[in-house]
Amino acid sequence: MVKVVAGNWKMHHGPDAARRFFSRFRPKVENGSVRLVFFPPDLSLEAAIGSTRVPADFGVQNIHWEAAGARTGETSAEMAREAGATLALIGHSERRHIFGETDAEVDRKVGAAARAGLVPVVCVGELLEERRAGRLEEVLRRQVGAFAGSLAGVAEFMVAYEPVWAIGTGETATPDDAAEAHGIVRDALGTLGRAPVLYGGSVKPGNAAALVSAPDVDGVLVGGASLDPDVFARIAEACGGAGS
Ligand code: PEP
């Protein structure tokens, strides 16, 4: 499977910065050796799509489950698709822990993305205290179980395992930690098919190759290190050379 290298820009890079990013982004990876995905802020989506110099897919960082209506400040899956997105990040830990998004809301968003023809990229991951309490498997099975039913019959989706303690902290799971968690996620997905399961949490050029070489790790979801075009290109290069 070609590795997925996805960048989540979070609330960074407005339209001008997005254009500047792509004017400098020159991945030293052979065409097609990784699948590049970008999640810019909604307001930068059009600028990003219009200035990409390499084959890449684009997604939004969040959607609402309703198609339209009185939901001030929200974006629907249908609107994201019309604006050029083909994927939607759902249930990112910052959405779950800063904005209080629940498993039930994540499930509704997964259903909405699938109905609109967006590829859901659903994030799961445990808190540090949950890991320390030996609850990794219980948490991952609960999170995956909450949305798995909405993925039945969905042609394409991805799951991102992002341990909350590793996001934006500089702490990274070891390849063995990632392999263990990805094995649990894959088992919890059961018969849904062999979807890519990405690792996220302080991925950098120096640790990307080892992480994507671990069993069941099909790619990376990169936050902070995706903002710099040279750094992100080095991560893509590292993943392109890694074994499957
Ligand atoms: C993320 O935002 O999904 C993420 C993994 O962030 P970082 O790479 O900065 O830890």
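Predicted model: local features only at pLDDT ≥ 70, side-chain atom pairs only at ≥ 80, totals over all residues.
A polar contact here is a pair of N or O atoms within 3.5 Å.

One of its oxygen atoms is 2.8 Å from a polar backbone atom of G224, so the pair falls within the 3.5 Å limit. At G223, a backbone N or O atom also lies 2.8 Å from a ligand oxygen. K10 takes part through its side chain: an N or O atom there is 2.9 Å from an oxygen of the ligand. As for cover, the ligand taken alone exposes 290 Å², and the protein buries 96% of that.

Now the shell. Which residues are closest to the ligand? Of the 14 that surround it, the closest are K10, E162, G168, S202 and G223. By class, the shell has eight polar residues, four nonpolar and two charged.

Next, the packing. In soluble globular proteins, nonpolar side chains tend to be buried together. In this model the largest nonpolar core has 66 residues. V5, F38, F147, Y199 and I235 have the most contacts inside that core. Why does the core lie between domain 1 and domain 2? Because both give residues to it: domain 1 is 1–22 + 31–61, and domain 2 is 93–216.

Take Y199 from that list. Leaving out residues up to four places away in sequence, Y199 touches Y161, P163, A166, T172, A173, A178, H182, L211, V217, G219, V220 and L221. Another core, of 13 residues, lies apart from the largest one. Its members include V4, A6, V37 and A160.

Technical notes
Residues numbered from 1 in each chain as written. Heavy atoms only, no water. Near = heavy atom within 4 Å. Polar contact = N/O pair within 3.5 Å; in protein donor to acceptor, adjacent residues only side chain to side chain. Areas by Shrake-Rupley, 256 points an atom, 1.4 Å probe, with all protein chains shown as cover. Nonpolar A, V, L, I, M, F, W, Y, C, P; charged D, E, K, R; others polar. Core = buried A, V, L, I, M, F, W, Y, C linked by side-chain atoms within 4.5 Å. Buried < 20%, exposed > 50% of the residue type's maximum accessible area, 1.4 Å probe, protein only. Domains from an automatic or database assignment. Contact = heavy atoms within 4.5 Å.
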